[in-house]
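This report describes a protein model and begins with its aromatic rings.

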Amino acid sequence: MTYRYVPQVVVWIACEGSTDKAYLAALNRLLSEKGVHISLKAEAAGSGLFKFLEAAYRKCMRKRDKSCKALPWIWADSDLYERNEKKCRDQYERRSPDIPEILFSRHNLEDVLVMHEDDQTVQRWITLCKGGLTPLHSHEYMPLLADIYPDYSKRGLPKRLVPLTPQQLHNAYRHSLDESNPFKCDLIERLVPIILQDSPDFFN
């Protein structure tokens, strides 16, 4: 049998903080365990404000292998941009041409974490968030999230998502594509087709 060498595709991702990095690390472990030729590397901005994300993106550009054709991604929560806190939406809309569009989690990473669960759990979360049409502040959603993930605290992941499973990622992808679901994740919508192109049986 002849084996074909498939090079690893490295994708640098500028993200907000430690919880985002923990999620990307869990996702990276899943890809590695399943033999997917994609490796994710994260650079945390320390904030979702645009100026910090822009700085993290430029760090990714400096760190990436120059032979790598894949440009870094930017992944952030949409809540600050929907509210235009500290004019971050205005700054983002006036960004320089070399800065790509942000892959948004709508509205917060915690909403995306719940999307990894089954339909009933996601519907319960939508109900708890009163329809989920507007982003909540952390002091509002953290007490509600205890109903879903009683062990969750920022900087880490809920125990139910460690290790991350193919079924959980499939749930998140399916929920994100569901137009009736107010919560979305552009990162997952971009990444999953790339995973399936590399490993068509990933979810089997």
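## Aromatic pairs

The model is a predicted one. Counted by centres within 6.5 Å, the aromatic pairs number six. One of them joins phenylalanine 50 and tyrosine 92: the ring centres are 5.9 Å apart and the planes stand at 55 degrees, so the pair is classed as tilted.

Phenylalanine 50 lies in α2 (residues 50-63) and tyrosine 92 in α4 (residues 88-93), so the pair ties together parts that are 42 residues apart in sequence.

## The sheet

Five strands make up an open sheet with mixed pairing, and their order is β2-β1-β3-β4-β5. Its edge strands, β2 (38-44) and β5 (184-185), each pair on one side only.

Within this sheet, β1 (residues 9-15) pairs with β3 (residues 73-77) in the parallel sense, over two bridges. Isoleucine 13 has tryptophan 73 of β3 as its bridge partner. Helix α1 lies across β1, β2 and β3, and runs at about 170 degrees to β2.

## The largest pocket

The largest pocket holds about 400 Å³ of space. It is lined by 20 residues, of which Glu16, Asp20, Asp77, Tyr141 and Lys154 are the closest to its centre. Two or more lining residues come from each of the elements α1 (18-33), α3 (79-83), α5 (109-114) and α7 (138-145).

By residue type, the lining of the largest pocket comprises three nonpolar, nine polar and eight charged residues.

Key
Residues are numbered from 1 along each chain as its sequence is written. This is a predicted model: local features need pLDDT of at least 70, side-chain atom pairs count only at pLDDT 80 or more; totals for chains, interfaces and linings use all residues. Side-chain values use heavy atoms; hydrogens and water are left out. On a 1 Å grid over the protein atoms alone, a cavity is a set of points where a 1.4 Å probe fits but cannot get out, and a pocket is an open set with protein on both sides within 12 Å along at least five of seven lines; lining residues have an atom within 4 Å of a point. Grid points are joined across faces, edges and corners, and a volume is the space filled by probe spheres set on the points. Helices (H or I, at least four residues) and strands (E, at least two) are DSSP runs, numbered from the N terminus. Ala, Val, Leu, Ile, Met, Phe, Trp, Tyr, Cys and Pro count as nonpolar, Asp, Glu, Lys and Arg as charged, and the others, Gly among them, as polar. Two strands pair if DSSP finds at least two bridges between them. Contact means heavy atoms within 4.5 Å. Axes are lines fitted to C-alpha atoms, for helices over the stretch in contact, and angles run from 0 to 180 degrees between N-to-C directions. Rings of Phe, Tyr and Trp (its six-membered ring) pair if their centres lie within 6.5 Å; planes under 30 degrees apart count as stacked, over 60 as edge-to-face and the rest as tilted.
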